[in-house]
Amino acid sequence: MHIPDNLLSQPVVLTTGALAIGGFAFGLRKLNAKLRDRTMVLMGVMSAFVFAAQMVNFPLFVVPASGHLIGGVLAAVLLGPWAGALVLGTVLIVQSLLFADGGVLALGANFLNLGLIASVGGYAIYDPIRKAIGGQSGVLIGAMVAAWFSVLLASLAFTIELGASGYWSDLPRVLGWMTMIHAVIGLGEAMITGLVLRTVLSVRPDLIFDDERATTRSGRWTRVAVGGLAASLAVAAFLAPLASPKDDGLEFVGGRLGFLDEEAGSILSGPMPDYSIEGLPDIAAVTAAVGLIGTLAVFITGLILARAFTRKPRGIDDLDLPSPPDAGPKPHAA
């Protein structure tokens, strides 16, 4: 559900851009310096995985359209809501600049919908469900419910943005079709989110973010980074070439209702537009190669972003170590 350029009006572009910049800056301030290694590794890994997973469009069967993972709730469950939003922002920037997937001018709206609303808003749905149910069941049920709602909320936000861009008269039809299509896509989002988190819970349950505990066992981050990156590269290399060629939900609704021009895209063509390489045939090997390049690019970008904005604690006082027990008064010197 990446909005192309030349679809939203200038006031909407400016408004969503301002909200996105403010949200992104606030997210950077919320990165937790006490969990610097954890944040760096997981931001890199989750950026890579979300990018690779978004290349894998799955067919909806009920209509001739496809959907793909947003990943906002998944990233938030592992990193917290604001770092999760930054993961989506990292992915969207790379997609727009390298692959012309989503407009450059529409980056603000895309980050608002897929980052802030899907991740931060999704976490607001997930967290009370997790706490009410408790345990691993709470994490899984809460995340799957929130993932489904996150897709609907993002589609609703786009519908409002489109209406504010001069399509108010078509709002009921757009809202109806977007809700119907993305309710189905949300089921795929919930299933993928649940499968990934079930794997994480069986291997490293301490990776689940808990704002009340905010701790995780130290070390072994190299293993997490290597394993997570390897899984992401495997998705890009082996699953992305099998993605459904059908239009995604936004493209399908836009084509059906006539508000999305077939030529709509990004004002920048990017070096690998539409996940292809100029002069090379559109075959599985090329798609896999492009996916591997993009996955590595967002992995490195996520690491750099986290490293730049999560500084090491300045001293031992920042580590929140327990105070030593009181040994009583010191003996007087003789």
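## A tour of the predicted model

Start by selecting Ile133, Ile141, Val145, Phe149, Leu153, Leu156, Ile160, Trp168 and Leu175, which form a nonpolar surface patch of about 740 Å². This is a predicted model. Now colour helix 6, residues 135-167: this helix gives the patch its largest share, six residues.

Zoom out to the whole chain. The protein has 10 helices and two strands. Read from the N terminus, the order of elements is α-α-β-β-α-α-α-α-α-α-α-α. Of the 334 residues in the protein, 50% are buried.

Next, go to the second largest pocket. Then show helix 2 (36-54), helix 7 (171-203) and helix 8 (221-239), each of which supplies at least two residues of the lining. Colour the lining of the second largest pocket by class: 12 residues are nonpolar, three are polar and three are charged.

Side chains of opposite charge can pair when their charged atoms come close. The count of salt bridges here is five.

Select aspartate 210 and arginine 130, whose side chains meet in a salt bridge at 4.0 Å, N to O. This pair links distant parts of the chain, with aspartate 210 in the loop between helix 7 and helix 8 and arginine 130 in helix 5 (residues 107-133), 80 residues apart. Are the two partners buried or exposed? Aspartate 210 is buried, because its relative accessible area is 14% and the cut-off for buried is under 20%. Arginine 130 is buried as well, with a relative accessible area of 11%.

Move to arginine 173 and aspartate 170, a salt bridge in which the closest N and O atoms are 3.7 Å apart. Arginine 173 is partly exposed at 45% relative accessibility, and aspartate 170 is partly exposed at 25%.

Then select arginine 204 and aspartate 206, which form a salt bridge of 2.9 Å, N to O. Arginine 204 is buried at 7% relative accessibility, and aspartate 206 is buried at 13%.

To finish, select Asp127, Arg130, Lys131 and Asp210 together: salt bridges with shared partners join these residues into one network.

How values were computed. Residues numbered from 1 in each chain as written. Predicted model: local features only at pLDDT ≥ 70, side-chain atom pairs only at ≥ 80, totals over all residues. Heavy atoms only, no water. Patch = residues over 30% accessible without salt bridge, like charges linked within 9 Å, V, L, I, M, F, W, Y side chains within 5 Å. Areas by Shrake-Rupley, 256 points an atom, 1.4 Å probe, with all protein chains shown as cover. Helix = DSSP H or I, 4+ residues; strand = E, 2+ residues; numbered from the N terminus. Nonpolar A, V, L, I, M, F, W, Y, C, P; charged D, E, K, R; others polar. Buried < 20%, exposed > 50% of the residue type's maximum accessible area, 1.4 Å probe, protein only.
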